[in-house]
Amino acid sequence: MLGSRTDLHIFDAGSVNGTRYCNEILLPYVRLFRGAMGLQFLFMDNAPCHRTVAAEQLLESEEFERMDWPARSPDLNPIEHVWDFLGRRLAARTLPPVTIQELRLALQYEWAAMPQQLIDTLILSMGRRCETCLAVRRDHIPY
């Protein structure tokens, strides 16, 4: 969000399915975050494991206001650019992480070190991204 962020959540071993997403992300983090944000909250998510029946039912029962996403539009979501930033920071390390624990610690470090201004800039670019997407009739945009 603008001006702040939550701690980075790293899933333990295993696949992330709809039930796990609900139990580990939506209920403990997103629900509370929405309560803190109030009417300004708009949920933006379109990953396949997040669009399961379990996740859809929970989001509907909690009355989350959601952004409609066009198909094949990862370049619209600011978080995709955040993941790219984290990946580049990990790749640039002199000693890359070798173990899962080293990777976890490196990700947490890079997440905390990421400039908030980068996140804010990505969020503030959403309007421009959406306008560009509409202008090219929902085709690929250059972001």
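Two rings of Phe, Tyr or Trp count as a pair if their centres lie within 6.5 Å, and planes over 60 degrees apart make the pair edge-to-face. With that in hand, let's look at this structure, which is a predicted model.

By this rule there are three aromatic pairs. One of them joins Phe 33 and Phe 41 in an edge-to-face arrangement. Another joins Phe 41 and Phe 64, and that pair is edge-to-face because the planes stand at 80 degrees. A pair of aromatic rings is described by the distance of the centres and the angle of the planes, and here are both values for these two pairs:

| Pair | Centre to centre | Angle between planes |
|---|---|---|
| Phe 33 and Phe 41 | 6.1 Å | 75 degrees |
| Phe 41 and Phe 64 | 5.8 Å | 80 degrees |

Where do Phe 41 and Phe 64 lie along the chain? Phe 41 is in the loop between helix H1 (18–37) and helix H2 (53–61), while Phe 64 is in the loop between H2 and helix H3 (78–91). Their pair therefore ties together parts that are 23 residues apart in sequence.

Taken together, Phe 33, Phe 41 and Phe 64 form one aromatic cluster. Are its members buried or exposed? Phe 41 and Phe 64 are both buried, and for Phe 41 the relative accessibility is 9%. Phe 33, at 27% relative accessibility, counts as partly exposed.

Elsewhere, Arg 5 lies over the face of Trp 111, at 5.6 Å from the ring centre.

Note on methods
Residues are numbered from 1 along each chain as its sequence is written. This is a predicted model: local features need pLDDT of at least 70, side-chain atom pairs count only at pLDDT 80 or more; totals for chains, interfaces and linings use all residues. Side-chain values use heavy atoms; hydrogens and water are left out. Rings of Phe, Tyr and Trp (its six-membered ring) pair if their centres lie within 6.5 Å; planes under 30 degrees apart count as stacked, over 60 as edge-to-face and the rest as tilted. Buried means under 20% relative accessible area, exposed over 50%, partly exposed in between (1.4 Å probe, protein chains only). Helices (H or I, at least four residues) and strands (E, at least two) are DSSP runs, numbered from the N terminus. A charge sits over a ring if NZ of Lys or CZ of Arg is within 6 Å of the ring centre and within 35 degrees of the ring normal.
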